[in-house]
Amino acid sequence: MCSSDLKENADIVVVSWHGGLTRYANAFSMGVSLEEAPFFVHQYQEDTGCAAIDAGADLVMGHHAHRLQGMQFHKGKLICHSLCNLAMSFGEGHNFGEESVILKAVIDARSKSIKRLSFVPIVLPGDTMEPRRVPAAQAQRHVELMTTLSRKYGTRFTLEGGEVAIDAP
């Protein structure tokens, strides 16, 4: 089925893919130590996210880096480069980061379009990796982190109760 077929047969098209590189992969590919290896969005992630939107996707959700990565808008549609983890179990020594999110997209049934985007901040404590919702009083940390990670794209994040609204620049 090509992308035009999807839009003819679906109200909303969401693309989710396993992309981006972990800190371990970045260290290996750059020839640096794990401690020196950065977490960043690779150019191919930006290119493929935009290509998915150009082909008809309404929302792109990436994952694999095992860390949160920036969110950008392309043609008014959201690309999440890495939503981190929701449920993972690794042995000792795997530090993939505790901050994660659960993405929410509110769909308007009448216009068949995404009307609101937000996320619920969660943490995955390293000792249990059990997802826990972040209390509203502590959610500002997620706002600041996502603002930093998305600075290049100008995406805005606003704390609204226990959720964080995501808005285009």
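Gln72 counts as buried because its relative accessibility is 9%, where buried means under 20% relative accessible area, exposed over 50% and partly exposed in between (1.4 Å probe, protein chains only). The model is predicted: local features need pLDDT of at least 70, side-chain atom pairs count only at pLDDT 80 or more, and totals for chains, interfaces and linings use all residues. Residues are numbered from 1 along each chain as its sequence is written, and side-chain values use heavy atoms, with hydrogens and water left out.

Gln72 lies in strand S3; helices (H or I, at least four residues) and strands (E, at least two) are DSSP runs, numbered from the N terminus. The residues that Gln72 touches, leaving aside those up to four places away in sequence, include Glu46, Cys50, Tyr153 and Thr155, contact meaning heavy atoms within 4.5 Å. The side chains of Gln72 and His81 are joined by a polar contact of 2.7 Å (a pair of N or O atoms within 3.5 Å; within protein, one must be able to donate a hydrogen and the other to accept it, and residues adjacent in sequence count only if both atoms are side-chain atoms).

Helix H3 comprises residues 43-54. Its buried residues are Gln45, Glu46, Gly49, Cys50, Ala52 and Ile53. Viewed down the axis of H3, these buried residues fall within an arc of 155 degrees, so they line one face of the helix; the arc is that of the directions from the helix axis to the C-beta atoms. Among the elements covering the buried residues of H3 are strands S1 (14-19) and S3 (71-74). Gly56, which has a positive phi near 120 degrees, follows H3.

How values were computed. The expected span of a helix is 1.5 Å times one less than its number of residues.
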